[in-house]
Amino acid sequence: MSVPVTLTELWIYPIKSFPGLSVDRLTFDAAGPVDDRRWMLVDEKGKFVSQRGLPKLASFGMARLDAGYTVTAPDGDSAVLPEPGQAGESFAVTVWKDELQAHEVSPELSQWFSAKLGKRVHLVHTGPASERRIPDPGTYDHERVGFADGYPLLICNEASLDGLNEASGLTLDMRRFRPNVVVRGAEDRSELMLGRLNLPEGHIDLLKTCVRCNIPAIDPDTATYQKDVAAQLKTHCEWDGSTIFGVNGVARGVTGLTVGDTALYSAQA
């Protein structure tokens, strides 16, 4: 059985673990949505930096320019994140268990972020030749991904958020869950059923439910960790011993998505 759904929100997160940008259209390249988590901060050992350890990242701002992005620090100071150009120094970085080569954007930008965070960091870019793969053997082992945790896309369902808020008494908004694609029309908690979103052009395979860490419990407006929210998420989003919200996927044969597009959702047989 297929269920019609509408794409109601689209998001990119140019710098991994920084706030996202709501966009009207996603375009795709070999590693997923263009400019989505293609930049990242790493520590002096090359390990990625995220809101899990630095909730302050949630209080930065980001805006699109004609070429590149503006990043605004909590103190109001801003810097320009340029479009990727000539590759800088290359060195090994790690995203969870994956090690790959990345390029420092510029020493000046690394110093700017270090000063704003009070921690020595480097701003790096994936570069055009990144060969990082998603963690699925077999059929999908050739699918590329940038600096995302594991998959190029995260899809969330409006009905699941409505159900969570009703059950918990909270008023959480979707920004906490950092989706790339938000859909309306599927049933509450339908992300527990893997499957496919069939589009007029290509499809999105829904491959793995998203196990949640502490980031959804960080208020995106204040960058503070909220223990009561974490407890409610654990209670109302529990599935098989894990906190689940959303589903990870890959797009195949898709060059772009636009807010308002419709798709047919089919659960995995």
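Visitor: When do two strands pair, and what is the order of the open sheet of three strands?
Guide: Two strands pair if DSSP finds at least two bridges between them. This is a predicted model. In its open sheet of three strands the pairing is antiparallel, and the order is β4-β3-β18.

Visitor: Which strands stand at the edges of that sheet?
Guide: An edge strand here has a single partner strand, so one side of it is left without a neighbour in the sheet. That describes β4 and β18 (256-258).

Visitor: What is the bridge partner of V5 in β19?
Guide: Strand β1 (residues 2-12) and strand β19 (residues 262-267) run antiparallel. Five bridges join them. For V5, the partner in β19 is A263.

Visitor: Which residue of β13 is the bridge partner of T6?
Guide: β1 also pairs with strand β13 (residues 181-184), in the antiparallel sense. That pairing has four bridges. The partner of T6 is R184.

Visitor: And in β2, which residue does L10 stand opposite?
Guide: Strand β2 spans residues 21-23 and runs antiparallel to β1. Three bridges join the two. L10 faces V23.

Visitor: Which residues of helix α1 are buried?
Guide: Buried means under 20% relative accessible area. The helix spans residues 107-117. Its buried residues are covered by elements including β5 (39-42), β7 (69-72), β8 (78-81), β10 (98-104) and β11 (122-125). They are L109, S110, W112, F113, S114, K116 and L117.

Visitor: Which residue follows α1, and what is its phi?
Guide: The helix is followed by G118. Its phi is positive, near 65°.

Visitor: Which residues have the most contacts inside the largest nonpolar core?
Guide: Nonpolar side chains tend to be buried together in soluble globular proteins. Here the largest nonpolar core has 43 residues. Those with the most contacts inside it are F113 and L257.

Visitor: What is F113 in contact with, leaving aside its neighbours within four places in sequence?
Guide: F113 is one of the buried residues of α1. With those neighbours left aside, its contacts are I15, F18, L41, F60, V71, V121 and L123.

Visitor: How many residues are in the second, separate core?
Guide: Among its members are L170, M174, V229 and F245. The count is 15.

Visitor: Is D35 buried or exposed?
Guide: D35 is found in the loop between β4 (32-33) and β5. It is not a glycine, yet has a positive phi of about 70°. Its relative accessible area is 10%, so D35 is buried.

Visitor: What is the relative accessibility of A223?
Guide: A223 lies in the loop between β15 and α3 (227-236). Its phi is positive too, near 60°, in a residue other than glycine. A223 counts as buried because its relative accessibility is 14%.

Visitor: Which strand gives the most to the lining of the largest pocket?
Guide: The pocket has a volume of about 540 Å³. β12 (153-157) and β15 (203-211) each supply at least two lining residues. With four residues, the strand that gives the most is β15.

Visitor: Which lining residues lie nearest the centre of the largest pocket?
Guide: By class, the lining has twelve nonpolar, five polar and eight charged residues. It has 25 residues. Nearest the centre lie R52, D149, C210, V211 and N248.

Conventions:
Residues numbered from 1 in each chain as written. Predicted model: local features only at pLDDT ≥ 70, side-chain atom pairs only at ≥ 80, totals over all residues. Heavy atoms only, no water. Buried < 20%, exposed > 50% of the residue type's maximum accessible area, 1.4 Å probe, protein only. Contact = heavy atoms within 4.5 Å. 1 Å grid on protein atoms, 1.4 Å probe; cavity = no way out; pocket = protein on both sides within 12 Å on 5 of 7 lines; lining within 4 Å. Points joined across faces, edges and corners; volume = space filled by probe spheres on them. Nonpolar A, V, L, I, M, F, W, Y, C, P; charged D, E, K, R; others polar. Core = buried A, V, L, I, M, F, W, Y, C linked by side-chain atoms within 4.5 Å.
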